[in-house]
Amino acid sequence: MLRYIGSRVLQSVIVVLIAFTLTFFLLHLAPGDAAIARIGGAGDGNPEQLAALRAELGLDRPWYAAYATQLLSVVTFQFGESLRNGRPVIDLIAAALPNTVQIAALSLLVAAVLGTTIALLATYTRVRWVRGVLLALPVLGMSIPTFWLGVLLLMVFSFQLGWFPSFGSSDVRGLVLPVATLGIVCSAAVAQVLATSLLDASRSPYAFTAMTKGAGRWRLLLRHCLRAASIPVLTMIGLLTGALLTGAVVIEMVFSRAGMGREILQGVEASDFPVVQGIVMICAVIFVGVNLLVDLLYPVLDPRMRRAMRS
Amino acid sequence: MAVPISDTVRPPRPGARLLAFARRETVTLAAFAFLVLILLVTVWPGLFAAFDPLRANPSQAYRPPSWPHLLGTDNVGRDLLSRMVFGASASMPAALLATSLSLVIGVTLGVVAATLGRWVDAVITRLLDSVLAIPGLLIVFAFLAVLGNGTLPIAVAVGLAGCVSFGRLMRAEVYRVRSLTYVEAASASGVRGWTIAWRHVIPGAIRPVIALTALDLGASLLTIGAIGYLGFGVAPPAPEWGAMVAEGQRHVADAWWMSVVPGLTFVLIILCANQISRYFERGNQR
């Protein structure tokens, strides 16, 4: 057990380190010089200004020196200062991240509840066309661009019906539409995976045993099948982390909310590398962290895995 | 007892088989036809657009879908259908380039990893895991920050992010095929690894790879659309589908069709791509 945990943690650390290395090389050794990219049209051809900027960006040092300094600062979660206003990147992220994580976490909740409901109903019903419609919903959901669904919900629920505000992050009502948008889109993946694994579970020998002992269809699904069928969903949720984070970033822009979306867009437009790198690394750490958690949860949820590990 | 060869069981005529296929896979064929239409529109937009996509005509502003503006007009009176048609040549080539990049790089990495094995496999697997850890949209942002705005950096970034699924699929496929008896026999009789990869692995993997390619094309289009919605890529006033949704959002109270039309186009194309993907995925079981 300890060995399993140890190897998972080590692998996660290696993945984050490689991800850091990749972004480092992209941002520092790119063919288009970062300093030139930053000055852009403003100060073209002024060598002194360019040299000063290169020194400021650390581009005058050899790459391994820059790499070592950066690695040290990223390990301690210091991502340097924003090139635009000199604010520490970590402060900027600390201010923006809660908004984004709030939307992502609430959307995950909506996606889990909605997806589970659709999958359970589709497996439970014996009416052919109802099942067909329920199983077509995830297929449709996966084809809808998140930003467009946001615009549609805005159109109907805030412009036509006037139930919810169309922008702003001040009160709770402003959260409803963004969370609904991202939750609906992500529920499609949950519903699709769970419906498939529920169907498999309901055809398994233990489901047959439970049925012969007189379990009703709901009891069979909820007590016997759902737990086994939830393991692929757990894997799915781990992989959904990336979609939830970037989805939240996009949704923030649809509903003009403050958060990571605004920060990274401003960072990209100004070629503010420390900000971009900081946000990329934070998202990679969150993704790897959630997937590590999922890996560690498998043996807790599935007794078969515990037994396999012991032997 | 010898079984007599019955003359009532004839091999079906080729035409009949085609007809049966068309009847069984009507939806897949319709999806394929729609994608071909979109490709034609991408290559020859002039043939499909009745109006200039850039010329404003204030007297025709905010016309709902009707004749002669089949999909309506926008806030300055530009024909929406013509803008959609010319928008295809902004979004589709980027998505196609991204998917081709993912396909080539991903398949190569997967085959190399599984064929060479050992430390090469370990290195490539970790590399793919690390790319997966950075959400695709953020890879695009990093590229845009370094290279400045443009369709090419977007397509390359989306392509690199998409490598992971192709790499993982090919790697698993090589390991699967290598454990088959006839491949073991080939390798036992001294056939070299690369020959086995070329003769046995790649033909066996074609169907799942096509399925993934179709799926990835839809996903790339979605990411590129999101980037366009956020204001990157093609510069206005040139039309781009994602940017058109954003434009439509600004006029949502006056003209619902301005954001509904490009949004529905995304949905239709991705539905079709996924339908084709599912056809190739289940194909082997029939």
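Predicted model: local features only at pLDDT ≥ 70, side-chain atom pairs only at ≥ 80, totals over all residues.
**View 1. Helices H11 and H12 of chain A cross each other.**
Here we zoom in on H11(A), which covers residues 260–269, and H12(A), which covers residues 273–301. Their axes come within 8 Å and cross at roughly 140°. Angles over 145 degrees would count as roughly antiparallel and 65 to 115 as roughly perpendicular, so this pair is called oblique. The crossing of H11(A) past H12(A) is left-handed. On the H11(A) side, the touching residues are Met260(A), Glu263(A), Ile264(A), Gly267(A) and Val268(A). H12(A) answers with Val275(A), Val276(A) and Ile279(A). Sort the residues of this contact by class and you get six nonpolar, one polar and one charged.

**View 2. Chain B meets chain A.**
On this interface, 34 residues of chain B are in contact with 42 residues of chain A. Which helices of chain B each supply at least two residues to its side? They are H5 (118–133), H6 (136–147), H9 (193–229), H10 (241–250) and H11 (257–282). H6(B) gives the most, with eight residues. As for the classes, the chain B side has 24 nonpolar, eight polar and two charged residues.

**View 3. Gly15(B) sits in helix H1 of chain B.**
That helix spans residues 14–24. Is Gly15(B) buried or exposed? Gly15(B) has 8 C-beta neighbours inside 10 Å, so it counts as exposed, the cut-off for that class being 12 or fewer. Now look across to Arg250(B), 235 residues apart from Gly15(B) along the chain. The C-alpha atoms of Gly15(B) and Arg250(B) are separated by 53 Å.

Notes: Residues numbered from 1 in each chain as written. Chains lettered and ligands numbered in written order. Axes fitted to C-alpha atoms, helices over the stretch in contact; angles between N-to-C directions. Helix = DSSP H or I, 4+ residues; strand = E, 2+ residues; numbered from the N terminus. Parallel < 35°, antiparallel > 145°, perpendicular 65-115°, else oblique. Left-handed = near helix turned anticlockwise from the far one by under 90°. Contact = placed C-beta atoms within 7 Å. Nonpolar A, V, L, I, M, F, W, Y, C, P; charged D, E, K, R; others polar. Buried ≥ 20, exposed ≤ 12 C-beta atoms within 10 Å, placed from the backbone.
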